[in-house]
Amino acid sequence: MNLPPRWPLDAEPSPASRAALGKAPDTPGLYAVWLKAGAEPLPVLRPRNSAPGRQLLYIGQSQKPGLRKRLRNELLGVGHGTLFRSLGDKIDFYPPRGSLASNTTTYNFSFSPSDAERIVEWIAANVEFSCLGLETPTI
């Protein structure tokens, strides 16, 4: 992948809000998700590669569809992406009992609509992101 010599993952992080996510590039690229400075740490995560005052939660990539859609999936619960499901679990939300029984895959669970809404609220209050759009998908 053709990246700058050192991509500052924590450069100008944005809040995990609909407005900020709407401004994310709609191109392939990389993204980092941070626990905001001052937010209560998630005890199950080991802080490493963190910027001062922030805890790095996740680094991801997007080829297709672009970063904007991937970040919406992960931070607004659209499609309940891997990060969304992981954060929901870490803040003590669980899929409804029996919800995986009829799924083709028993790994990609979803939360109830009310739990998903509460997870999105927690993310908006405690998480920020930074991203780097790339012109060509070379990941």
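This is a predicted model: local features need pLDDT of at least 70, side-chain atom pairs count only at pLDDT 80 or more; totals for chains, interfaces and linings use all residues.
Trainee: What is the mean pLDDT of the chain, and where is confidence lowest and highest?
Mentor: The mean pLDDT is 78. Of the residues, 73% reach 70 or more. Strand 1, residues 14–15, is lowest, at a mean of 84. Helix 4 is highest, at 92.

Trainee: How many helices and strands are there, and in what order do the elements run?
Mentor: There are four helices and four strands. From the N terminus they run β-α-β-β-α-α-α-β.

Trainee: What order do the strands take in the sheet?
Mentor: The order is 1-4-2-3, in an open sheet with antiparallel pairing. Strand 1 and strand 3 each have a single partner strand, so they stand at the edges, and one side of each has no neighbour in the sheet.

Trainee: How do you know that strand 2 and strand 4 pair?
Mentor: Count the bridges. Pairing takes at least two bridges between the strands. Strand 2 and strand 4 are joined by seven. They therefore count as paired. They run antiparallel. One of the contributors is Leu35, whose bridge partner in strand 4 is Val127.

Trainee: Which residues have the most contacts inside the largest nonpolar core?
Mentor: Leu75, Trp122, Ile123 and Val127. The core has 28 residues. Helix 4 gives the largest share, five residues.

Trainee: What is Leu75 in contact with, leaving aside its neighbours within four places in sequence?
Mentor: Ala16, Leu21, Val33, Leu83, Val120, Ile123, Val127 and Phe129. Leu75 is also one of the buried residues of helix 2, along with Leu67, Leu71, Asn73 and Glu74. The buried residues of helix 2 pack against helix 1, strand 2, strand 3, helix 3, helix 4 and strand 4. Just after helix 2, Gly77 takes a positive phi of about 75°.

Trainee: What makes Asp89 and Lys90 a salt bridge?
Mentor: The cut-off is 4 Å from a side-chain nitrogen of Lys or Arg to a carboxyl oxygen of Asp or Glu. Asp89 and Lys90 meet at 3.3 Å, N to O. That is within 4 Å, so the pair counts.

Trainee: Why are Asp89 and Lys90 called partly exposed?
Mentor: Partly exposed lies between the buried limit of 20% and the exposed limit of 50% relative accessible area. Asp89 has 32%. Lys90 has 39%.

Trainee: How many salt bridges does the count come to?
Mentor: Two. Arg118 forms a salt bridge with Asp115, with the closest N and O atoms 4.0 Å apart. The two residues are three apart in helix 4, which means about one helical turn separates them.

Trainee: Why is Asp115 called buried?
Mentor: Its relative accessible area is 16%. Buried means under 20%. Asp115 therefore qualifies. Across the chain, 41% of the 139 residues count as buried.

Trainee: What share of contacts between residues at least 6 apart in sequence join residues at least 24 apart?
Mentor: The share is 72%.

Notes: Residues are numbered from 1 along each chain as its sequence is written. Side-chain values use heavy atoms; hydrogens and water are left out. A nonpolar core is a set of buried Ala, Val, Leu, Ile, Met, Phe, Trp, Tyr and Cys residues joined through side-chain atoms within 4.5 Å. Buried means under 20% relative accessible area, exposed over 50%, partly exposed in between (1.4 Å probe, protein chains only). Contact means heavy atoms within 4.5 Å. pLDDT is the predictor's confidence in each residue, from 0 to 100.
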